[in-house]
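Student: I would like to learn how to read helix packing and sheet layout from a set of coordinates. Can we work through an example?

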Amino acid sequence: MILVTGSDGQVGYALLKTLAPLGAVKGLTRADGDLANAEEVAALLDKYQPRCIVNAAAYTAVDQAESHPDTAQALNAQLPAQLATWAKENGALLVHYSTDYVYDGSGDQPWQEDAPTGPLSVYGKTKLAGDEAVLAAGIGAIIFRTSWVYGARGRNFMLTMLKLASERDQLSVVSDQWGTPTPAWMIAEVTAIALREKLGNAKALAGVYHLTCRGETTWCDFSRAIISGAGDLGVPLNMSADQVSPIPTAEYPAPAPRPLNSRLSVTRVEQALGLELPDWRYALQLTLRDWVEFRNN
Ligand SMILES: NC(=O)c1ccc[n+]([C@@H]2O[C@H](COP(=O)([O-])OP(=O)(O)OC[C@H]3O[C@@H](n4cnc5c(N)ncnc54)[C@H](OP(=O)(O)O)[C@@H]3O)[C@@H](O)[C@H]2O)c1
């Protein structure tokens with residue numbers, strides 16, 4: 001049994017399909033239990049006795065985390081710690097997800113996995129505490145640090161931009177934060193490849209890997225690419241890509257500070273798994289096509 005936590009979320013939902021060929025998969029949603037409650041988590045683990053746990057549950061509301069640090073800590077730090085302890089005691093594999101927000105966003109070069117961390121926000125600090133607990137368990141867990149996750153379903157930047165572009169005739173979007181948009185399906189596909197490798201050879205693949213598409217952009221240029229890509233697919237919108245204006249982060253104040261440089265080097269995961277990850281623009285085209293299908297049906 002492969003247990004996927006957060007299976008109503010962007011990555012968790014995509015994992016239900018990509019992990020299916022590897023064996024029986026059980027997805028956990030809120031209806032199964034509150035993962036912020038350690039007793040409920042223990043009962044779920046005892047019930048399902050997974051040989052592998054893929055932890056896609058997290059408290060991902062970055063701004064709300066500033067005013068709800070205890071809930072963020074429970075989901076992002078205590079839950080992975082508990083899963084790692086259970087995996088150690090029961091000989092299970094653990095795959096966990098983390099974030100670009102564990103870095104401080106300085107400089108303009110892609111972060112390597114062994115770079116010093118320096119989270120700026122409650123979300124980033126609690127996610128880092130989760131990574132550290134998983135690594136400290138010494139169970140050969142895999143941690144994928146990803147960034148700018150989006151998809152045809154869920155709460156994400158692509159869907160927000162499509163909605164706004166159908167309602168407004170002008171948008172201002174931050175143009176000084178750099179990173180790499182990464183669809184949930186890409187993360188789920190690579191997770192399945194990694195898990196297949198890991199199930200065959202438990203010692204291979206362990207530790208932290210960055211997992212994003214290739215290339216880099218800003219939120220502003222990402223929003224332009226979304227709007228022009230949707231237009232090319234015949235989606236009726238109220239505005240075109242050139243009606244998106246760039247603004248600095250300083251003009252878009254938010255409760256949680258964001259890293260300006262979220263570029264992540266993916267060389268490590270590509271070499272470990274023999275992959276050549278797709279460019280973010282190609283992945284966006286495919287995701288927009290999924291979304292068009294999704295809304296037409
Ligand atoms: N989203 C991003 O841009 C991004 C960027 C970098 C890294 N990551 C990391 O990638 C991973 C997957 O992110 P995602 O975008 O797929 O997240 P997501 O869509 O927010 O999904 C997280 C899931 O966890 C569930 N969850 C939260 N609190 C819970 C609780 N107390 N009990 C049970 N379930 C609970 C959520 O349920 P509800 O929907 O009911 O709340 C949701 O289904 C996370 O580790 C995240 O930190 C995400």
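**Helix packing and the sheet**

Tutor: This is a predicted model. Begin with a contact: Gln10, Val11, Ala14, Leu15 and Thr18 of helix H1 meet Ala184, Trp185, Ile187, Ala188, Glu189, Thr191 and Ala192 of helix H7. By class, the residues of this contact are 8 nonpolar, 3 polar and 1 charged.

Student: How is the packing of two helices described?

Tutor: The description of two packed helices uses the angle between their axes and the distance between those axes. Here H1 (residues 10-18) and H7 (residues 184-200) make an angle of about 45°, and their axes are 8 Å apart. H1 and H7 are therefore oblique to each other.

Student: In which hand does H1 pass H7?

Tutor: The crossing of H1 with H7 is right-handed.

Student: In what order do the strands of the sheet lie?

Tutor: The order is E2-E1-E3-E4-E5-E10, an open sheet of 6 strands with parallel pairing. Strand E2 (25-28) and strand E10 (207-210) are the edges, each pairing on one side only. From one strand to the next, the twist averages 20°.

Student: How many bridges join E4 and E5?

Tutor: Strand E4 (residues 93-99) pairs with strand E5 (residues 142-146) over 5 bridges, in the parallel sense.

Student: Which strands does helix H5 touch?

Tutor: Helix H5 (residues 122-136) packs on the sheet and touches E4, E5 and E10. The direction of H5 makes about 155° with that of E4. H7 also belongs in this picture: H7 lies across strand E3 (52-55), E4 and E5, and runs at about 150° to E4.

Terms used
Residues are numbered from 1 along each chain as its sequence is written. This is a predicted model: local features need pLDDT of at least 70, side-chain atom pairs count only at pLDDT 80 or more; totals for chains, interfaces and linings use all residues. Side-chain values use heavy atoms; hydrogens and water are left out. Axes are lines fitted to C-alpha atoms, for helices over the stretch in contact, and angles run from 0 to 180 degrees between N-to-C directions. Helices (H or I, at least four residues) and strands (E, at least two) are DSSP runs, numbered from the N terminus. Angles under 35 degrees count as roughly parallel, over 145 as roughly antiparallel, 65 to 115 as roughly perpendicular and the rest as oblique. A crossing is left-handed if the near helix is turned anticlockwise from the far one by less than a right angle, and right-handed if clockwise. Contact means heavy atoms within 4.5 Å. Ala, Val, Leu, Ile, Met, Phe, Trp, Tyr, Cys and Pro count as nonpolar, Asp, Glu, Lys and Arg as charged, and the others, Gly among them, as polar. Two strands pair if DSSP finds at least two bridges between them.
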